[in-house]
Amino acid sequence: MSMLALPAELVLLISQETQAQDRLALRATNRKLCVLVTPHAFRTVYTTSTGKSSAGFYSLLRCDDVRKHVREIVYRDSFAGDVGSGREDCRKDGLTDGPRDEVSDSSREDDGRGCLDEVEEGVIANLSAAFSLLHTLPALHTLTFAFHPIYKTHNTPISSFNRKRYPHVDIQLAIFAALESTSVARLRSLTLDHSTPFSHEISTHPTFLKYFRKLTHLHIATSSDLHFIFAGPLADFWARSLPPLLRAPASTLTSLTLHSEHDVGAIPGLTLGHLRYPHLTHLSLQHIVFDAGISTEAFILAHARTLTSLTLSRCKIAIPHPAPPTARRWADVCPRLAAKLVRLVHLAVDFEVGLDPDTFEHKRFPYALVQPGWGYSSVGIEEWVTEDDAALEVFQGAVAARMASVAES
Ligand SMILES: *[C@@H]1O[C@H](CO)[C@@H](O)[C@H](O)[C@H]1NC(C)=O
């Protein structure tokens, strides 16, 4: 099929990269110009979970004259919020402006009907059919998914999810199944945002691993409201599904983002200690606990010779319960990182802030009390705040000074 056979509206809906006036020009243009515009217009193809967008996406990927130009595919659930920005409220941030305006326009019809609403007819079938065609896109190197942020999940295996109530889970599963059935020769960058952390055959299947082997950029951010981290699907995901995926791109990875919504560490059995990426320059961790079992600190330090950028968001140091005065704290970790990470020029550290259950005042929770057989509970320890802050400031100062000297030279 040729792109010229498609209705212009469909073509334009999927090619969001071009500016509005370009798209209008394309719409009005003749065949010759259309052919000229194609390579640029379809470098990045956007799609979302609406009937119109998914059907257009499938049609587009069947166009012979478009396929060879597609380098990047961005699937963004109509309620997903901004890709890569972590947890969003699906109602508040579901519709954003920016280059995807036309996709958002079509999703606007869904606004107000709620996050867990029905998926329009044809969406799953079209996405599934389209993603099964990835092997026909020779230039594709980047896949970006921002799934539906699911806040209400069951602490039960995926097979017993209430499909009627959580139809968006089906989209994710259908896309994973489609990915399994196809392949991408040169996938370099993979983003799985709002990935539901369930353990299922697909993510541990060897054919799914193929997408991870040559990645330079990997971004995994989970989304769920499960709070029981020590057992169940959430634990399986972190302890069993994820480790083989993280090991796969060992020789190529330069950038790793691993964001959780809950404190994960030795509980439920995640370990980073054995992972080595000789070319890793960017590392971003969220809610990944520093404790001996997971070896977060050792993992970071093992990449001291290459790391230039480090983000620690809401990461905590695990301390036994009750906390002994000798427990390792940020005032110990920061100087060590500062001394060893000699190439770091970008550092971002933020701590979780929440309500103190005793005083009802906002305070920081930089520590995680280990509760065997349960998980972690967040704590802030007043007596440590001053020293911790001072150590972090010294670390930040050292990185900023290096940044300044790099910028000068
Ligand atoms: C794609 O969606 C359209 C419109 O909803 C539907 O008619 C068509 O059957 C779907 N395509 C596939 C392959 O399911």
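**Ground rules**

I took the model as predicted, with local features needing pLDDT of at least 70, side-chain atom pairs counting only at pLDDT 80 or more, and totals for chains, interfaces and linings using all residues. I number residues from 1 along each chain as its sequence is written.

**Overview**

I started with the secondary structure. The protein has 15 helices and 14 strands. Helices (H or I, at least four residues) and strands (E, at least two) are DSSP runs, numbered from the N terminus.

Next I looked up burial. I call a residue buried if 20 or more other C-beta atoms lie within 10 Å of its own, exposed if 12 or fewer, and partly exposed in between, with C-beta atoms placed from the backbone. Of the 409 residues, 42% count as buried.

Then I checked contacts, meaning two residues whose C-beta atoms, placed from the backbone, lie within 7 Å. I took those between residues at least 6 apart in sequence: 83% join residues at least 24 apart.

I followed Ala55, which is found in helix 4. Ala55 counts as buried, with 22 C-beta neighbours inside 10 Å. Not counting residues up to four places away in sequence, Ala55 touches Gly122 and Asn126. I also took the C-alpha separation of Ala55 and Ala129: it is 9.6 Å, for residues 74 apart along the chain.

**Helix 4**

Why is helix 4 largely enclosed by the rest of the structure? The reason is that 10 of its 11 residues are buried. Among them I found Lys52, Phe57, Tyr58, Leu60 and Leu61.

**Largest nonpolar core**

I count a nonpolar core as a set of buried Ala, Val, Leu, Ile, Met, Phe, Trp, Tyr and Cys residues joined through C-beta atoms within 7 Å. The largest one has 86 residues. Leu127, Ile175, Trp238, Val289 and Leu310 touch the most other members. Helix 12 (residues 233-247) gives the most to this core, with 7 residues. Domain 1 (1-253) and domain 2 (255-409) each give this core at least three residues. The domain bounds come from an automatic or database domain assignment. In soluble globular proteins, nonpolar side chains tend to be buried together.

I looked at Leu127 by itself. Leu127 touches Ser54, Ile171, Ala174 and Ile175, not counting residues up to four places away in sequence.

**Helix 14**

I listed the buried residues of helix 14 (residues 330-340): Trp330, Val333, Cys334 and Leu337. Seen down the axis of helix 14, these fall within an arc of 100 degrees, so they line one face. The arc is that of the directions from the helix axis to the C-beta atoms. What covers them includes helix 13 (296-301), strand 9 (317-319) and helix 15 (385-408).

Most residues other than glycine have a negative phi, and most peptide bonds are trans. I noted the exceptions below.

- A cis peptide bond joins Ile267 and Pro268, with omega about 15 degrees. Pro268 lies in the loop between strand 6 (255-264) and strand 7 (282-288).
- A cis peptide bond also joins His321 and Pro322, with omega about -5 degrees. I placed Pro322 in the loop between strand 9 and helix 14.
- His287 has a positive phi, near 60 degrees. I found His287 in strand 7, and with 22 other C-beta atoms within 10 Å it is buried.
- Arg314 has a positive phi, near 55 degrees. Its place is in the loop between strand 8 (309-313) and strand 9. Arg314 counts as buried, with 23 C-beta neighbours inside 10 Å.

**Ala177**

Ala177 and Phe208 are 31 residues apart in sequence and 9.0 Å apart in space, C-alpha to C-alpha.
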